[in-house]
Amino acid sequence: MTKRVALITGITGQDGSYLASLLVSKGYEVHGLMRRSSSLNTDRIGHLYQEEQDATSQIRMHFGDMSDGASLFRVLKEVKPDEVYNLAAQSHVKVSFDKPEYTTDVNATGVLRLLEAIRLLDMGESIRFYQASTSELFGNVQETPQSETTPFRPRSPYAISKHFAFQTVVNYREAYGFHASNGILFNHEGPKRGENFVSRKITRAVAAICHGIQDKLYLGNINSRRDWGHARDYVEGMWLMLQKETPGDYVLATGEEHSVRDFVELAFEMVGRPIEWEGSALEEKGVDRKSGKVLIEIDPQYYRPAEVNSLVGNAAKARDELGWTHKTSFKELVQEMVEADMQRLASAGMSRA
Ligand code: NAP
Ligand code: F7E
């Protein structure tokens, strides 16, 4: 049997790395689109990727960029994929307020470039397409929990760019009959999460404080609430969407909501440093109950010009139509992330001795 061929944009990111592992384990020939950077950015896929000449490499990489339509065209022509997973994005919500134009170019126009390249190459009938849509589309939420029928009220340049991308995918499906699906994914994390998302920022700080190489953790809005799952579970849902005969849009979520404050408490509790909160608003502080040391402070630089206060998803459609449910609980997720960051510092021999 010929191997199925997958192209993943954003393969060097958190989800790209988990998805590449999943597809390799399923026997796919996996190709990744990677942008040029001044130092190598293949750390997350180091377990799969070796140099071109090395026959043991389990994936093949291609230089390209979502802002460069010709490169997308070239890579599609070379790879001739059966499935395309479009995960590439400027994915940080707060940064999108600082770089709105760039975020829109990559996350919105970039998706149009990719779909249009598929169309012009006459690959529309043979390719199944996954778009990394997001719970941020719900923004100023109109109902709780949020499902595929909840109206979108995006509240950041990031969310607005992803709104354009979502509708473009629907349009290519309706206008040209593309097998193109949107995964409306709620927050998903793991040890490979980027260091400036709040989950990883917290677990890295817990490890660094325990190893004596950091004194304090500075956070923004700790009352914000999210539906946090594990990225490993969510990439399985992406794949399932493309195996279905008909395309569609699906929410993937755990259905459970926790605050940033809950995340902090649980992560510090796991290393035997329970936190007590004192003060309020900007003056609120997280204090180590045993030593009395202040470990957490609020820094308004991490507040967003417009915040999404609460998100929690209803993934019933994915459960009923795809057979997808999350496997990892919130507690297991936090535990895995804390342990991974503790281990990373321990094996690097890091301490402020
Ligand atoms: P991530 O870790 O930030 O990875 C983003 C990927 O996109 C990286 O490989 C990055 O490359 C690449 N990229 C950025 N700009 C690019 C460009 N101009 N051209 C080509 N590649 C570019 O994000 P993630 O958490 O894995 O998320 C994957 C996708 O799902 C994103 O589209 C994100 O918006 C979306 N999403 C994520 C979540 C979540 O909770 N994780 C939830 C909903 C939706 P570098 O490695 O070079 O930076
Ligand atoms: O923020 C609050 C912050 O940056 C979560 C992306 O993957 O998920 C992610 O977007 C919450 C927000 O993720 C800090 O204000 C407090 O309310 O980890 P985050 P996000 O904005 O939810 C969605 C679904 C995506 O699609 C995105 O690509 O935590 N928060 N203090 C903080 N956030 C950060 N980053 N840093 C803080 O210090």
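Predicted model: local features only at pLDDT ≥ 70, side-chain atom pairs only at ≥ 80, totals over all residues.
Local features were taken at pLDDT of at least 70 and side-chain atom pairs at pLDDT 80 or more, while totals for chains, interfaces and linings use all residues. Residues are numbered from 1 along each chain as its sequence is written, and side-chain values use heavy atoms, without hydrogens and water.

The shell around ligand 1 was examined by residue. A residue counts as near if one of its heavy atoms lies within 4 Å of the ligand. There are 25 residues around ligand 1, and Thr-12, Arg-35, Asn-41, Ser-91 and Tyr-158 come nearest. By class, 10 are nonpolar, 10 polar and 5 charged. Here Ala, Val, Leu, Ile, Met, Phe, Trp, Tyr, Cys and Pro count as nonpolar, Asp, Glu, Lys and Arg as charged, and the others, Gly among them, as polar.

Helices (H or I, at least four residues) and strands (E, at least two) are DSSP runs, numbered from the N terminus. At least two shell residues come from each of α1 (14–25), α4 (100–120), β5 (128–134) and α5 (157–176). Strand β5 gives the most, with 3 residues.

Polar contacts (pairs of N or O atoms within 3.5 Å) also involve the ligand. An oxygen atom of ligand 1 lies 2.6 Å from a polar side-chain atom of Thr-12. For an N or O atom in the side chain of Arg-35, the distance to a ligand oxygen is 2.7 Å. The backbone of His-188 places a polar atom 2.9 Å from an oxygen atom of ligand 1. On its own, ligand 1 has 900 Å² of accessible area (Shrake-Rupley method, 1.4 Å probe). The protein covers 90% of this area.

Side chains of opposite charge can pair when their charged atoms come close. A salt bridge is a side-chain nitrogen of Lys or Arg within 4 Å of a carboxyl oxygen of Asp or Glu. The count comes to 21 salt bridges.

Arg-200 and Asp-341 form one, at 2.8 Å from N to O. Arg-200 lies in helix α6 (residues 198–210) and Asp-341 in helix α10 (residues 330–347), 141 residues apart. Both are buried (under 20% relative accessible area; exposed is over 50%, partly exposed in between; 1.4 Å probe, protein chains only). A network of salt bridges links Glu-195, Arg-200, Asp-341 and Arg-344.

Glu-297 and Lys-216 meet at 2.6 Å, N to O. Glu-297 belongs to strand β15 (residues 294–298) and Lys-216 to a loop, so the pair ties together parts 81 residues apart in sequence. Glu-297 is buried at 17%, whereas Lys-216 is partly exposed at 27%.

Notes
Chains lettered and ligands numbered in written order. Polar contact = N/O pair within 3.5 Å; in protein donor to acceptor, adjacent residues only side chain to side chain.
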